[in-house]
Amino acid sequence: MNIRLVYFARVRETIGKDGETREFDSSVTCVAEALTALRAEGETYRIAFQEPEKLRFALDHQFVDVSAKLHEGAELGIFPPVTGG
Amino acid sequence: MINTRVQAETFDVATESARLTSGSRDIGALVSFTGLVRGDAGDTLTLEHYPGMTERMLQEIATEAERRWALSGGLVVHRYGRLSVGDPIVLVLIAARHRGEAFEAANFLMDWLKVKAPFWKKDADGWVEAQGSDDVAAERWS
């Protein structure tokens, strides 16, 4: 399943890029499983996603929690709590 | 209708207010809120946002305000990019027949925007941390 990942603020800086397209295997069906798969790839992702409770997620521009189901071609935004206004 | 805009450029409250109320005969109240950059002289603040999602969330918040109150019109402008101390960041303008609805809707828009609009502030000390008090303020409208 191909997922477009986009990162913002501290997450973007830790990972060192603002986004990437990833092909996940069939064991990845939800946001939490995508994070687990990415953390297994190395130190950078482990640091960026070590405290998912302190992160926020958006699937196709809508806020979701880590149990949200992914779909082919989805855009998953991963970022810290927002601080606008 | 409450229009929403995301832009790098500054905005002028008087110009936007005049545009919103021009030609209208049923607006009895216009509430305006402007958020400014705080800090010491020479400080800068950089605002990052999530293009696409930001516009969508601002419009969703505006639509919810229209659903809750009888409003004549409104405007939400939020800036991004590099700003200096004293620069305006965000504008909420709400027009209604009476002040009660206008004040409440403007308050609501800012409270929801603080927790739902995907913007992130970075200053000289690094990324600004989200405030728990903002979540509490937003909760009172649920």
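This is a predicted model: local features need pLDDT of at least 70, side-chain atom pairs count only at pLDDT 80 or more; totals for chains, interfaces and linings use all residues.
The contact between the two chains involves 27 residues from chain B and 20 residues from chain A. Together, chain B and chain A bury about 2000 Å², and 55% of this area lies on carbon and sulfur atoms. Of the area that chain B buries against chain A, 34% is supplied by B:Tyr50, B:Trp120 and B:Trp127, more than by any other three residues.

A salt bridge joins the side chains of B:Lys122 and A:Glu13, with a distance of 2.6 Å from N to O. On the side of chain B that touches chain A, the elements giving two or more residues are β3 (44–49), α2 (53–68), β6 (88–96), α3 (99–116) and β7 (119–123) of chain B. The largest share of this side comes from α3(B), with 5 residues. By residue class, the side of chain B that touches chain A comprises 16 nonpolar, 3 polar and 8 charged residues.

Over all chains, the structure holds 12 aromatic pairs. One pair is formed by A:Tyr7 and A:Phe49, whose ring centres are 6.3 Å apart; the pair is tilted because the planes stand at 50 degrees. A:Tyr7 belongs to strand β1 (residues 2–7) of chain A, and A:Phe49 to the loop between α3 (43–48) and β3 (56–59) of chain A, so the pair ties together parts that are 42 residues apart in sequence. Both A:Tyr7 and A:Phe49 are buried.

A:Phe63 and A:Phe79 form a pair with ring centres 6.0 Å apart and planes at 80 degrees, and the pair is therefore edge-to-face. This pair links distant parts of the chain, since A:Phe63 is in strand β4 (residues 62–64) of chain A and A:Phe79 is in strand β5 (residues 75–79) of chain A, 16 residues apart. The two rings were also described by accessibility. A:Phe63 has a relative accessibility of 31% and therefore counts as partly exposed. A:Phe79 has a relative accessible area of 0% and is therefore buried.

Conventions:
Residues are numbered from 1 along each chain as its sequence is written. Chains are lettered from A and ligands numbered from 1 in the order in which they are written. Side-chain values use heavy atoms; hydrogens and water are left out. Contact means heavy atoms within 4.5 Å. Buried area is the accessible area (1.4 Å probe) that two parts lose on being put together, summed over both. A salt bridge is a side-chain nitrogen of Lys or Arg within 4 Å of a carboxyl oxygen of Asp or Glu. Helices (H or I, at least four residues) and strands (E, at least two) are DSSP runs, numbered from the N terminus. Ala, Val, Leu, Ile, Met, Phe, Trp, Tyr, Cys and Pro count as nonpolar, Asp, Glu, Lys and Arg as charged, and the others, Gly among them, as polar. Rings of Phe, Tyr and Trp (its six-membered ring) pair if their centres lie within 6.5 Å; planes under 30 degrees apart count as stacked, over 60 as edge-to-face and the rest as tilted. Buried means under 20% relative accessible area, exposed over 50%, partly exposed in between (1.4 Å probe, protein chains only).
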